[in-house]
Amino acid sequence: MDYTWVGNGTQIYGTQGAFIGRTAYFNYQIKDLDSYSWDSVDYLASCSRDKTVIVWRYENETLDKVCTIREHTSFVNSVCFASIDDKLYLYSGDSSGALLITDVLAQEVCRKVEKAHNDNICSLHRGEMGTVLSSCWDGTAKVWQFEDKIKEYKVSSTACWDFKQYSID
């Protein structure tokens, strides 16, 4: 499945954009779109400098807004989905270093890790076996199992912009 962002690059400042996924298409007005993430099947999450995360559901070739998460206190830079124990969670990271974990189906924030990082969380990615990978402007990369940090790497004296896990078969 291939999803494409259509607009002015990856960040939109006060302009209108559109997502094209499968054959779905929708327009919206948003102040600043910073990141988006698809789960493997039905959900899309978008985050913004207006401190919100929006969860969308893809069904019958349309995208409908499921909920808006407003618990972040600074702009949200990164989102990713993770399946843990047959539940779908959405991780979102903000510029203060806070990490929110939302139960997508219950539509509620179930955990907030206030100082997951010491600075802006600039990337979140799904890892293997239910883990989530994060990276930060403070030069660290971390591996999370739900809200527990299980591994930390100091990878740079400046920002660590991205952190991904690859398997070589």
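I will start with the chain as a whole and then turn to the salt bridges.

First, the ground rules. This is a predicted model, in which local features need pLDDT of at least 70, side-chain atom pairs count only at pLDDT 80 or more, and totals for chains, interfaces and linings use all residues. Residues are numbered from 1 along each chain as its sequence is written, and side-chain values use heavy atoms, with hydrogens and water left out.

On secondary structure, the chain has 16 strands and zero helices. Both are DSSP runs numbered from the N terminus, with at least four residues of H or I for a helix and at least two of E for a strand.

Next, burial. Of the 169 residues in the chain, 51% are buried. Here buried means under 20% relative accessible area, exposed means over 50%, and partly exposed is in between, using a 1.4 Å probe and protein chains only. The accessible surface of the chain is about 8,700 Å², and carbon and sulfur atoms account for 47% of that. The areas come from the Shrake-Rupley method with a 1.4 Å probe, and for residues only the protein chains shown count as cover.

As for contacts, meaning heavy atoms within 4.5 Å, consider those between residues at least 6 apart in sequence: 33% of them join residues at least 24 apart.

Now the charged pairs. How many salt bridges are there by this rule? The rule asks for a side-chain nitrogen of Lys or Arg within 4 Å of a carboxyl oxygen of Asp or Glu, and the count is six.

One of them joins R57 and D42, at 3.8 Å from N to O. R57 sits in strand β7, residues 53–59, while D42 is in the loop between β5 (32–38) and β6 (43–48), so the pair links distant parts of the chain, 15 residues apart. Both ends are partly exposed: R57 has a relative accessible area of 25%, and D42 has 22%. D42 and R57 also belong to a network of salt bridges with E59.

Another pairs R111 with E147, at 3.2 Å from N to O. R111 is in strand β12 (residues 108–113) and E147 in the loop between β15 (140–145) and β16 (148–154), 36 residues apart. R111 is partly exposed at 36% relative accessibility, as is E147 at 24%.

Last, K112 and E114 form a salt bridge, with the closest N and O atoms 3.8 Å apart. K112 is partly exposed, at 33% relative accessibility.
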